[in-house]
Amino acid sequence: NVDQPAKHLESAKKALDSAVRLQPNAAQVHVMKALLYYWGSREYAPALAELALARRNLPNDRGVLYFTAMIERRQGNWLDSTRRLEQAFALDPCNISIISELCGSNYLVLRRYDDDAKMLDGALAWKPLDFNLGYLRAFVDFVSRADLRRWKQVVVSEAAKAADPNDVVVARTDLALKERDYHTAEQILAARVGAESDDNGFFTPHEWKQAIIARGLGDQSRATAAFLI
């Protein structure tokens, strides 16, 4: 229902209004205000102002650091965003969300590949069967030196057997595309479930990859038709 997001947002505003009446200066109230600005209306400046107020009473709260970093990143402030995520990681070194954001976005954009690999290797030491961490580690090798060996290993690893099948389909499809093996990519993509692929939190319609595959196979009419869906 297209009205549901608006209804949920209105409910969140009412709940926040109640919290403000009860404890207007509570740090958590400022955090909730910030999230409403951030997620509800993409108003980054007031969101950061509320998080700054929350930080006065929660100076070592990893959630405040985390959300501040997310907003700063959306503003293109990658250095401060990375610094805050590193502070959050120091406070909570086993938090997969923080590790994933640092390694899957910030370190990659800043080309801090050695730091990226080191952090992921550390996480995989205590979480060796986490397919997404292994896949991300393989992606670092590819981006930093065009090395697909680890990628080839992770898609047939023990971690892949226990992973979400669609995550494995995405990894195998993208590997085939990197190798320009379009026939294999087409076969793998046919095994997917659902209408979209989850590429590290970004949902991509399968028609997009079908179009890329068709173009790679030289079928321009099929590629164009898929792109236009």
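The model is predicted. Helices α11 and α13 come within 11 Å, axis to axis. Elsewhere in this briefing, the topic is aromatic rings, with 10 aromatic pairs counted.

**Helix α11 against helix α13**

- Helix α11 spans residues 165-178, and helix α13 spans residues 206-216.
- Their axes cross at roughly 25°. Angles under 35 degrees count as roughly parallel, so α11 is roughly parallel to α13.
- The crossing of α11 past α13 is left-handed.
- On the α11 side, Val170, Thr173, Asp174 and Leu177 make the contact.
- Sorted by class, the contact holds four nonpolar residues, two charged ones and one polar one.

**Aromatic pairs**

- The count of aromatic pairs is 10.
- Tyr38 and Trp39 are one of the pairs, with ring centres 5.9 Å apart. Their planes lie at 25°, so this pair is stacked.
- Tyr66 pairs with Phe67 in an edge-to-face arrangement. Here the centres are 5.3 Å apart and the planes stand at 80°.

- Tyr38 is buried, at 7% relative accessibility. Its stacking partner Trp39 is exposed, at 52%.
- Tyr66 has a relative accessible area of 15% and is buried. Phe67 is also buried, at 17% relative accessibility.

**Aromatic cluster**

- Tyr38, Trp39, Tyr66 and Phe67 belong to one aromatic cluster, together with Tyr44.

Methods. Residues numbered from 1 in each chain as written. Predicted model: local features only at pLDDT ≥ 70, side-chain atom pairs only at ≥ 80, totals over all residues. Heavy atoms only, no water. Axes fitted to C-alpha atoms, helices over the stretch in contact; angles between N-to-C directions. Helix = DSSP H or I, 4+ residues; strand = E, 2+ residues; numbered from the N terminus. Parallel < 35°, antiparallel > 145°, perpendicular 65-115°, else oblique. Left-handed = near helix turned anticlockwise from the far one by under 90°. Contact = heavy atoms within 4.5 Å. Nonpolar A, V, L, I, M, F, W, Y, C, P; charged D, E, K, R; others polar. Phe/Tyr/Trp six-rings, centres within 6.5 Å; stacked < 30°, edge-to-face > 60°. Buried < 20%, exposed > 50% of the residue type's maximum accessible area, 1.4 Å probe, protein only.
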